Amino acid sequence: MTQLLAIEADLKARSPRYAALTQPTPLGLAEIQTAVTDDATLLLEYSLGEERSYLWAVTATSFSSYELPPRATIEAAARRCYELLTARNRFVKFETADEKRERVRQADAEYPNAATALSNMLLGPVAAQLGQKRLLVVPDGALEYLPFAALAVPGQASYSESTRTRAAKCRSCRSWSITK
């Protein structure tokens, strides 16, 4: 082990740029607030846990922490939204055109409620901070496959037309996959 540490120290001394790429140093809160966020940015970091999950919200001048439901609850809701968003892209063997149309229609009808519930779960604690801020999202688990732009703004009176448009754009993506 001491030999490995000696080699790493030698590598850092000889090539600091390579060492910075292969052995990055995590940023502290103050560094994140000055180097990553600004007055128009809200960084949201999620950590999903078995008993409870957490959301940390960082702006240029503040830091907040929130407790969220367990991983299983969040991932089930995220998986459901994903399935509804990608219903039109899914191929079901031996499905007729009418059956597909009905499946897609049903997914479109169910999506607003599913997205609102997930949005309230994930963004509800920071709804007052959202405003017109640009969001930087650091997801965890199944949230890595979730297009946050397709979620409704918590507390919004209805599922707006702009949210529908963002969701429709997200539905056309074919590169997501959530493993069960």
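**Aromatic pairs and a bent helix**

Tyr54 counts as partly exposed because its relative accessibility is 29% (buried means under 20% relative accessible area, exposed over 50% and partly exposed in between, with a 1.4 Å probe and protein chains only). Trp56 is also partly exposed, at a relative accessible area of 25%.

The model is predicted, so local features need pLDDT of at least 70 and side-chain atom pairs pLDDT 80 or more, while totals for chains, interfaces and linings use all residues. Residues are numbered from 1 along each chain as its sequence is written, and side-chain values use heavy atoms, without hydrogens and water.

Searching the whole structure gives 2 aromatic pairs (rings of Phe, Tyr and Trp, the last by its six-membered ring, with centres within 6.5 Å; planes under 30 degrees apart are stacked, over 60 edge-to-face, the rest tilted). Tyr46 and Phe148 make a tilted pair, 5.7 Å centre to centre with 35 degrees between the planes. Tyr46 belongs to strand S1 (residues 41-47) and Phe148 to the loop between strand S4 (134-138) and helix H7 (161-171), so the pair ties together parts 102 residues apart in sequence. Both Tyr46 and Phe148 are buried. Tyr54 and Trp56 form a stacked pair, 6.0 Å centre to centre with 20 degrees between the planes.

Helix H5 covers residues 97-123 (helices are DSSP runs of H or I, at least four residues, and strands runs of E, at least two, numbered from the N terminus). Its 27 residues should span 39 Å at 1.5 Å a residue, which agrees with the 37 Å between its end C-alpha atoms (the expected span is 1.5 Å times one less than the number of residues). H5 bends by about 35 degrees at Tyr111, with Pro112 following within four residues (the bend is the angle between axes fitted to the seven residues ending there and the seven starting there). Buried residues of H5 include Tyr111 and Pro112.
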